[in-house]
There are 2 protein chains.
Amino acid sequence: MFNVIKTKNKARRGELKTRKGLIQTPFFMPIATKGAVKTLSSRDIRDLDPEIILSNTYHLMLRPGEEELKGLGGLHKFMDWERPILTDSGGFQVFSLANIRKLSEDGVIFSSHIDGREYKMQPEDSIRIQGAIGSDIMMVLDECVELPADKKYLEQSIELTTRWADRCKKYFDKTFKKDKPLLFGIVQGGLDKELRLKSAKQLESVGFDGYAVGGLSVGESEQEMYDVLDYLPDSMPDDKPRYLMGVGYPHQMVEAVKSGIDMFDCVIPTREARHGRLYLWNKVFVESDRNILELEDNSKEFYRTINIRNESFKFDDKVINENSRFEELRTYTFAYLRHLFVTDEPLAQRLSTLNNLEFYLDLMRRVREDIK
Amino acid sequence: MFNVIKTKNKARRGELKTRKGLIQTPFFMPIATKGAVKTLSSRDIRDLDPEIILSNTYHLMLRPGEEELKGLGGLHKFMDWERPILTDSGGFQVFSLANIRKLSEDGVIFSSHIDGREYKMQPEDSIRIQGAIGSDIMMVLDECVELPADKKYLEQSIELTTRWADRCKKYFDKTFKKDKPLLFGIVQGGLDKELRLKSAKQLESVGFDGYAVGGLSVGESEQEMYDVLDYLPDSMPDDKPRYLMGVGYPHQMVEAVKSGIDMFDCVIPTREARHGRLYLWNKVFVESDRNILELEDNSKEFYRTINIRNESFKFDDKVINENSRFEELRTYTFAYLRHLFVTDEPLAQRLSTLNNLEFYLDLMRRVREDIK
C-alpha cells in the first residue's frame, strides 16, 4: 500500500497505492472545498498536476447532498477529475461552522450553517457519505476540541475519538470489499505529549491505512507545533503514510517533512491568493540549486511573500513568474496583477490562485527531488 | 480602409483595415471594461478569437490613469493583447456613472465615482487619453442625453455633439500622423428621424473613418430601435463601417446586420453570464443549417437562454456545449455548473462568461458565413 523508497534523515520519499493509481509522497493537496478549487476548473488543476486533491464532506453533504451525489455518479464524475480524492470526515467543519445541537457517544446532531436544516453525523454516517462522494482516502470522524481544554476533557475526548475511529473501521470493513478506498485514523491530544502518544497507540491498535495528525495549526505557536512534530511522527507506524492536517506555511511543511510527514493540505495558498498575497521563489535560492532539506532549521530563505496591492508594484513590469507553466503568469506583469486587484477584477484571484498553488506543488516536487 | 466584399440585401460582409491588421465585419467586440474581460485572461480571449475587443476610457483614465498607462506602455502591452482595441470616448460613463460638475461648450467637468477626484474632459482630452491607451479605433466625445428629452434640447445637443466631433477630428489630425488609429463619429438624435438624419449628415461633412449609432438600447422599446435601424444605416456612408453601440440581444444583432450594421459591442453576454443566464444554440436550428439572415424578421428560433440556477438542472447530466472549443464546456454538465452557481463558486462566472462570449462570437462568424 505504502512504500518508502528513500529516506534522508527522518524525511521520507515514498509511493502510496490508491485505487486511482500510485501517488508520490511527500505531497500537498489543493482543496476543492465544495467540489471545485476556488476560481479553478479541473482542467486548470490538471495543468497544476497535483498527486491528489482534497474535498470537504461537510460542504458536499449539504450541497449537492449525499443522495444527489450518488445520483450524479459521485464527485469524480461530477467535477471531471480522474485522480485520487481525499475527503475529511466532515467533523472539523461540523465543529467549526455548524451549530452543534447534541454531542454524545453516538455522534453529533448539528444544523447546517446555510439553512439551519438538521443532520445527524455518527461515525458510520461519515464513512457512508464519504462513500457516496467516491472518496479514495477517507478520514475517520473525530471530536475536534477547542483549545485550550483541560487535560481531563482532552483525555475523555481521545477515548471517544478512538471509539469512533473503531466504529468507522468496522463500518468501512463491512462496506468496502473490493476496489477499496483507504481509511486513515486521526491522532488527537492537543499539545499534551502523553495524550498524543496514547492516541497514536490506540489508533495503531485499531489499524488504519495511514495516520493523520489532527488538531494542529489551530492557534498554537509555531514552536508548539514543532515540539509535537519532534516526537509524534516517530511514534506513528513507519510503514504507513503520515498526514499533517491543515498545515501550513511553506517553511512549516519543509520542517514537517524533515520530521517524517508525508502528506499535507492547507487553505493558505488559495485563501491568501484571493486576498492578494503571492508566494514566490527567491531567485537566489533557486539559482544556487541548494537542497531545501539542508537549509538551517525553519529557514524561510527559499521563498518570499508579497502583497500585490502594494503601491510599490504600480509600475513593476517584471513578469509574475518567468518559469511558470501558465502562459498568463509568464506574460502578465506585477503591475497588471496589481491593477486587477485594485479594480476588483475576478481574474486577479484566479491568477494568484494559480501562482500560489503552483508554488506549493513545485515546492513538494522539489522536496521529493531533494530527498533522493 | 473599409472594403465591402459581399452583400445580401442590406447586410454587408466586409474587411476593415486597422493599424493592427485586417478585421472581418460584421463583428462583435467583447468588453474589457478596465483592461480585462471580467473573469477572463487575454489567453482566454485569444482562445475565443474575437476580431477586436473594446475597453472603456472612463474606467482606464481613473485607474490606472492616463499618465500611468503611458508609463506602462499602453493597454496592449499592459493586458498582453496584440489585436485591435476600440475605445469609447469616456462620455457614456461620465454621463451615467460620474457626477457631472459642469457641462458647457468646452466639455465636461466631473468627479470620479470612486474617490470623488475631479477631472476635466473636453473633446481633445478624450482623444488624447485614447491615444495614451493606444486605441486603434477611437470614438468622438458626444453628449449622452437622458431620454425622454424635448426636441429643442435634443436639437441643441446634436449641434453640440457635432461641434465636439469636429474638435476631436481636428485634434486627431494634428496628433496622429503615421501608423494612425481610426476615428469614428457618433450619430445621436434619440428617436427623432429628422434629428437623426441631420446628425448623420453633419458628421459626414466633418468626415470620419466610420460612423456609430449612439443613444439606442437605453430604455426605448425594441420596435422603436428597429424603426431607427430601418432608415438610419441607409443614410450613413456606404463605404464606411457602421457601428451600433451597446446593442444587444442575439436576435437584435441579426436584425441590425440585416439593416446594414457592421459592428457591435454589448455587456449582455458577460453581465448576464455572471448572473447565471446562459445563451445556447438551438440544436434544431444548428442541425438544419439554415441561413440565419433568412429567418423570419426578429426570429429568436436559433437560440435560447436558460437560468442555470433553476432547480430543473439539478440532475441534468448533459454537457454545457459539446461543440465548444473549451474543454470545460465540453465536459462539465449543467448539473455541475448549477452547483457552482448555487454554492457561489467563482468558477461559475468564468464558465458562463466563456459560454456566452463563445455563443456571441460564433453567431457573428455564422452571420459572416451566411452573407457569403
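Two residues are in contact here if their C-beta atoms, placed from the backbone, lie within 7 Å. The structure is a predicted model. Chain A holds 14 helices and 16 strands, and its residues fall into domain 1 (2–266) and domain 2 (274–371). Chain A also touches chain B, with 32 residues taken from chain A and 32 residues from chain B.

**Overall form of chain A**

- The radius of gyration of chain A is 21 Å, close to the 21 Å that the globule rule gives for 372 residues, so chain A is as compact as a globular protein of that length.
- Along the principal axes, the C-alpha atoms of chain A fill a box of roughly 60 × 45 × 40 Å.
- Of the 372 residues in chain A, 52% are buried.

**Contact between the domains of chain A**

- The centres of domain 1 of chain A and domain 2 of chain A, taken over C-alpha atoms, are separated by 28 Å.
- Domain 1 of chain A puts 23 residues into the contact, and domain 2 of chain A puts in 22 residues.
- On the side of domain 1 of chain A that touches domain 2 of chain A, two or more residues come from each of β1 (2–8), β2 (11–18), β4 (27–29), α1 (42–48) and α9 (250–258) of chain A.
- The element that gives the most to this side of domain 1 is α9(A), with six residues.
- By class, this side of domain 1 consists of eleven nonpolar, three polar and nine charged residues.

**Contact between chains A and B**

- The contact takes 32 residues from each of the two chains, chain A and chain B.
- The elements of chain A that give two or more residues to the side touching chain B are α2 (57–71), α3 (75–79), α12 (327–331), α13 (334–342) and α14 (347–371).
- With five residues, α13(A) gives the most to the side of chain A that touches chain B.
- That side of chain A divides into 14 nonpolar, eight polar and ten charged residues.

**Helix α7 of chain B**

- Helix α7 (residues 193–206) of chain B has 14 residues, which at 1.5 Å a residue should span 20 Å; its end C-alpha atoms are 20 Å apart, which agrees.
- Arg196(B), Ser199(B), Ala200(B) and Leu203(B) are buried in α7(B).
- Seen down the axis of α7(B), the buried residues fall within an arc of 100°, so they line one face of the helix.
- Glu194(B) and Ser205(B) are exposed on the other side of α7(B).
- The buried residues of α7(B) pack against α6 (151–175), β11 (182–187), β12 (210–213) and α8 (222–231) of chain B.

**Val187 of chain A**

- Val187(A) lies in strand β11 (residues 182–187) of chain A.
- Val187(A) has 33 C-beta neighbours inside 10 Å and therefore counts as buried, the cut-off being 20 or more.
- Leaving aside neighbours within four places in sequence, Val187(A) is in contact with Arg196(A), Ser199(A), Ala200(A), Leu203(A), Tyr211(A), Ala212(A), Val213(A), Gly214(A), Leu232(A) and Met236(A).
- Val187(A) and Leu40(A) are 147 residues apart in sequence, and their C-alpha atoms are 32 Å apart in space.

Notes: Residues numbered from 1 in each chain as written. Chains lettered and ligands numbered in written order. Predicted model: local features only at pLDDT ≥ 70, side-chain atom pairs only at ≥ 80, totals over all residues. Domains from an automatic or database assignment. Helix = DSSP H or I, 4+ residues; strand = E, 2+ residues; numbered from the N terminus. Nonpolar A, V, L, I, M, F, W, Y, C, P; charged D, E, K, R; others polar. Rg over C-alpha atoms; globule rule 2.2 N^0.38 Å. Buried ≥ 20, exposed ≤ 12 C-beta atoms within 10 Å, placed from the backbone. Expected span 1.5 Å × (residues − 1). Arc of directions from axis to C-beta.
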